[in-house]
Amino acid sequence: MAAPASQHRFSIGLTGGIGSGKSTVADMFAAHGAAVIDTDLIAHQLTVAGGRAIDAIKLAFGADFIAASGALDRAKMREAVFADPAEKKRLEAILHPLIRTETEHAAAQAQGAYILFVVPLLVESGLWKQRVSRVLVIDCSEETQIRRVMQRNKLTEPQVRAIIAAQAPREARLAAADEIIINDSDTAALVPQIQRLHDLYVSLAGCG
């Protein structure tokens, strides 16, 4: 996924594997005053009924991939792109330019001490690391990921393991990190980690 071109603001790229707790951490940073821009949320907004990507997806993949509600049939699309890398690239060719445009617009409007971009595939994209000021990785054990995703998404263990295997290895994410938050426990364990990093980021952004 392409990263936003504008770099006049101090920014963090937050990433982590599925089930690592990215949304929880992002919400906690937002409570401290960070301007959070979630690329997954933007992608979701593009593919709801009436979303900007719907017509292009319908043209490229067919009406079968659009649910009766007019939104993207996410389950059908997930199955298609997971089974065929070419289909994944075709979907990305539609979504990524739109996500980039919406992300840049959101960044231009953002208010806060710094911008926190939530980018699940930051390491996989190969682009974001050079275009944010810092990379923050949310890390947890694979066992924790599996347990959380099975509970949250009602998937089987083999399904979750397949998703994890399709993402960047844990070691690659950690190697890309400027900072790391450990999220193997509960929310209370995140509080001091996030406070410390928020103070650091405010200082680095020149707002402290």
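Tyr201 has a relative accessibility of 0%, so Tyr201 counts as buried. The model is a predicted one.

- Setting aside neighbours within four places in sequence, Tyr201 is in contact with Phe10, Ile12, Phe29, Tyr114, Arg134, Leu136 and Glu179.
- Tyr201 and Asp139 lie 62 residues apart in sequence, and the C-alpha to C-alpha distance between them is 19 Å.

**H1 against H10**

- Two packed helices are described by the angle between their axes and the distance between the axes.
- For helix H1 (residues 22-31) and helix H10 (residues 187-204), the axes come within 10 Å and cross at roughly 50 degrees.
- That angle makes H1 oblique to H10.
- The crossing of H1 and H10 is right-handed.
- On the H1 side the contact involves Thr24, Val25, Met28 and Phe29; on the H10 side it involves Thr187, Leu190, Val191, Ile194, Leu197, His198 and Tyr201.
- Sorted by class, the contact of H1 with H10 has eight nonpolar residues, three polar residues and no charged residues.

- Helix H2 holds Ala43.
- Ala43 counts as buried because its relative accessibility is 16%, and the cut-off for buried is under 20%.
- Between Ala43 and Lys89 there are 15 Å in space, C-alpha to C-alpha, and the two are 46 residues apart in sequence.
- H2 packs with H5 at an angle of about 115 degrees, and their axes are 10 Å apart.
- The crossing of H2 and H5 is right-handed.
- From H2, the residues that make this contact are Thr39, Ile42, Ala43 and Leu46; from H5, they are Leu95, Leu98, Ile99, Glu102 and Thr103.
- By class, six nonpolar, two polar and one charged residues take part in the contact of H2 with H5.

**H3 and its two faces**

- An α-helix has 3.6 residues a turn, so residues three or four places apart point the same way.
- The buried residues in H3 are Ile54, Ile57 and Phe61.
- Viewed down the axis of H3, these buried residues fall within an arc of 65 degrees, so they line one face of the helix.
- Asp55 and Leu59 are exposed and sit on the face of H3 turned away from its buried side.
- The cover over the buried residues of H3 includes helix H2 (39-46), H4 and H5.

- In helix H4 (residues 74-83), the buried residues are Met77, Ala80 and Val81.
- Around the axis they cover an arc of only 90 degrees, which puts them on the same side of H4.
- Arg78, Glu79 and Ala83 are exposed on the other side of H4.
- Helix H3 (54-61) and helix H5 (85-109) are what the buried residues of H4 pack against.

**H7, H8 and the loop between them**

- Where is Lys154 found? Lys154 is in the loop between helix H7 (142-153) and helix H8 (157-166).
- The phi of Lys154 is near 55 degrees, which is a positive value in a residue other than glycine.
- Is Lys154 buried or exposed? Lys154 counts as exposed because its relative accessibility is 68%, and the cut-off for exposed is over 50%.
- The axes of H7 and H8 come within 9 Å of each other and cross at roughly 125 degrees.
- H7 and H8 are therefore oblique to each other.
- The crossing of H7 and H8 is right-handed.
- H7 contributes Glu142, Gln145, Ile146, Val149 and Met150 to the contact, while H8 contributes Glu157, Val160, Arg161 and Ile164.
- The contact of H7 with H8 has, by class, five nonpolar, one polar and three charged residues.

How values were computed:
Residues numbered from 1 in each chain as written. Predicted model: local features only at pLDDT ≥ 70, side-chain atom pairs only at ≥ 80, totals over all residues. Heavy atoms only, no water. Axes fitted to C-alpha atoms, helices over the stretch in contact; angles between N-to-C directions. Helix = DSSP H or I, 4+ residues; strand = E, 2+ residues; numbered from the N terminus. Parallel < 35°, antiparallel > 145°, perpendicular 65-115°, else oblique. Left-handed = near helix turned anticlockwise from the far one by under 90°. Contact = heavy atoms within 4.5 Å. Nonpolar A, V, L, I, M, F, W, Y, C, P; charged D, E, K, R; others polar. Buried < 20%, exposed > 50% of the residue type's maximum accessible area, 1.4 Å probe, protein only. Arc of directions from axis to C-beta.
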